[in-house]
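Trainee: I have a model open on my screen and I'd like to learn how to read it. Could you walk me through it?

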Amino acid sequence: MSNEELAYDFSPLIKVYKDGRVERLRGTDIVPPSTDPKTGVQSKDVVISQELAVSARLYIPKSTTSAPQTKLALLIYFHGGGFCVRSSSSRTHHNYLNALVSEANVVAVSVDYRLVPEHPLPAAYDDSWAALKWVASHSDGNGSEDWINRFADFQRVFFAGNSAGANITHNMAVKLGCEGLVGVKLIGIVLVHPYFWGTEPVGEELTIPAATREYMAAVWRFACPSTSGSDDPLINPGKDPKLGKLGCEKVLVCVAEKDGLKDRGWHYSETLKKSGWNGAVEVIEAAGEGHSFHLEDPTCDNAVAMEKKIVAFLN
């Protein structure tokens with residue numbers, strides 16, 4: 001049947017049909033905000049921009065319910081999914097943040113940006129920056145959201161994300177370094193299995209099957225139709241003259257041994273060290289694991305070890 005003809009097939013993420021239909025294969029399992037019975041973490045959804053349809057899910061740890069109250073570090077989280085699937089209400093990300101907020105004792109804002117292909121890049125970047133400006137509007141304690149006013153320490157702000165969300169995290173930190181964000185002191189960023197790419201192979205990328213390498217490049221072209229290609233600074237930080245302006249003091253990069261993006265994470269660290277940026281960068285590698293393993297199996301030893309490392313970084 002003609003209406004079954006595919007325009008794009010990026011399984012296991014998304015299929016787009018020639019008649020315009022979009023079939024998301026991941027991230028459709030969503031959950032409402034709640035008080036998590038296991039950790040006592042509370043969450044709620046807020047609208048950031050009615051006009052752009054940008055929202056966020058806020059999280060506060062159990063410690064906020066007991067007096068006396070001290071301000072907590074603020075984590076702004078960008079979910080992954082190739083810019084085209086998942087959301088701040090996806091079960092995997094919601095469960096992940098409940099655990100991380102509890103362990104690290106932080107306030108978190110999980111940004112829900114618009115997705116590709118309905119909203120091609122730079123929409124996700126624009127939405128994420130709008131979310132950061134909204135969060136910053138609380139730095140004087142007079143923002144629209146009481147949880148952020150009361151509990152967030154704007155002198156201890158962190159960004160984090162996985163995969164495409166790690167790409168957004170990096171690009172937001174560069175933008176903050178170049179343009180500033182009033183009231184916000186960004187201490188560090190966490191890049192988990194970051195989605196970066198480039199035309200020149202790095203590390204052991206030539207040992208990756210050609211079809212996998214083409215998939216990495218093609219997802220980017222699909223997400224950002226206006227791109228110059230895989231050496232666009234948005235996907236290849238090594239080509240960004242602004243890299244040295246990264247607006248934080250420290251960076252933690254988490255990679256996984258069996259992830260096709262692993263070498264990009266290591267390469268990012270090496271490039272950052274040579275860029276003139278004067279912060280500290282560390283890379284940790286999980287042996288035997290694949291891309292986003294920590295979301296699929298959050299209680300495995302490597303996921304627990306990675307969480308401990310991130311918790312220490314946030315504190």
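Mentor: Let's go through the annotation, the cores, a helix and a loop residue in turn. Keep in mind that this is a predicted model.

Trainee: Which residues does the UniProt domain annotation cover?

Mentor: The unreviewed UniProt entry puts "domain: Alpha/beta hydrolase fold-3" on residues 75-294. Over that stretch the chain is 35% helix and 19% strand, with the end C-alpha atoms 18 Å apart.

Trainee: How many residues does the largest nonpolar core have, and which have the most contacts inside it?

Mentor: A nonpolar core joins buried residues through side-chain atoms within 4.5 Å. Here the largest has 75 residues, and I76, F83, F159, I189, L246, V251 and Y268 have the most contacts inside it. Helix α2, residues 123-136, gives the most to this core, with eight residues. Another core, of 30 residues, lies apart from it and includes Y59, F158, C254 and L314.

Trainee: What does L246 touch, sequence neighbours within four places aside?

Mentor: Its contacts are H170, A173, V174, I189, V251, Y268, L272 and W277.

Trainee: Back to α2: how do I check its length, and is it enclosed or open?

Mentor: Take 1.5 Å a residue: the 14 residues of α2 should span 20 Å, and its end C-alpha atoms are 20 Å apart, so the two agree. Twelve of those 14 residues are buried, so α2 is largely enclosed by the rest of the structure. Among the buried ones are Y125, D127, W129 and W134.

Trainee: And E205, is that buried or exposed?

Mentor: Buried means under 20% relative accessible area, so E205, at 1%, counts as buried. E205 sits in the loop between β9 and α5. Leaving aside neighbours within four places in sequence, E205 contacts W197, E200, R213, D263 and R264.

Terms used:
Residues numbered from 1 in each chain as written. Predicted model: local features only at pLDDT ≥ 70, side-chain atom pairs only at ≥ 80, totals over all residues. Heavy atoms only, no water. Buried < 20%, exposed > 50% of the residue type's maximum accessible area, 1.4 Å probe, protein only. Helix = DSSP H or I, 4+ residues; strand = E, 2+ residues; numbered from the N terminus. Contact = heavy atoms within 4.5 Å. UniProt positions renumbered as here; feature names shortened; annotations may be inferred. Expected span 1.5 Å × (residues − 1).
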